[in-house]
Amino acid sequence: MTSSPPLGSFVCRLEFRRIRPPAPVREERDGVTYFVARDYEIAYDTILYFASGAQLPISARLVGELNESVIVRDGSGHPLRRSGYVQGRSELRTADGHVIFRGRYYDSRTLQSVADDAALTPVGATLVDHHENGFGEGPYAGHAFSLGVHLIREGAGALCGSGRGQID
């Protein structure tokens with residue numbers, strides 16, 4: 001007798017690790033400051049806690065394809081914050097290393113206050129609205145995965161937060 005993989009709504013806690021950190025390139029265009037980073041990798045390990053009581057330990061690998069942000073300035077031209085978005089590929093694996101979902105991830109809003117200095121030094125907390133979607137493989141073939149989490153990084157710490165998701 002085989003058991004069915006857990007399905008339905010779940011909660012989890014994420015803490016991102018930088019595998020290949022983003023290396024943003026600063027660009028100045030028409031008096032506007034942009035930062036662009038590509039081809040970097042982050043990861044996390046977590047346990048999905050389903051409403052049914054089931055648990056599913058997973059590891060995720062996220063490859064950043066495009067990370068763009070702009071420096072938002074006040075009416076006098078002083079820099080306030082960096083605001084942007086991110087898109088990339090996601091891959092979720094079971095504890096024994098089998099891929100169960102592949103898809104996309106999106107950070108629909110990234111915010112980081114910056115100092116009014118030449119380097120635009122990040123200050124304070126970083127806020128990120130993170131979303132993942134994917135289609136199943138192996139025991140999850142024919143199923144879809146979605147996850148949303150509000151991430152926060154204090155200082156030089158890791159981006160982390162509690163998320164909610166669904167496997168249909």
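Ala, Val, Leu, Ile, Met, Phe, Trp, Tyr, Cys and Pro count as nonpolar, Asp, Glu, Lys and Arg as charged, and the others, Gly among them, as polar. This is a predicted model, where local features need pLDDT of at least 70, side-chain atom pairs count only at pLDDT 80 or more, and totals for chains, interfaces and linings use all residues. Residues are numbered from 1 along each chain as its sequence is written, and side-chain values use heavy atoms, with hydrogens and water left out.

User: How do the residues of the lining of the largest pocket divide into nonpolar, polar and charged?
Analyst: A lining residue has an atom within 4 Å of a point of the pocket; that pocket is an open set on a 1 Å grid over the protein atoms alone, where a 1.4 Å probe fits, with protein on both sides within 12 Å along at least five of seven lines. The lining divides into 15 nonpolar, eight polar and five charged residues.

User: Which residues lie closest to the centre of the largest pocket?
Analyst: The pocket holds about 700 Å³ of space. Its lining has 28 residues. Closest to the centre are Arg18, Pro22, Thr126, Arg153 and Leu159.

User: How many helices and strands does the chain have?
Analyst: Helices (H or I, at least four residues) and strands (E, at least two) are DSSP runs, numbered from the N terminus. The pattern along the sequence is β-β-β-β-β-β-β-β-β-β-β. The count is zero helices and eleven strands.

User: What percentage of the residues of the chain count as buried?
Analyst: Buried means under 20% relative accessible area (1.4 Å probe, protein chains only). The chain has 168 residues. The buried share is 39%.

Definitions and conventions
Points joined across faces, edges and corners; volume = space filled by probe spheres on them. Buried < 20%, exposed > 50% of the residue type's maximum accessible area, 1.4 Å probe, protein only.
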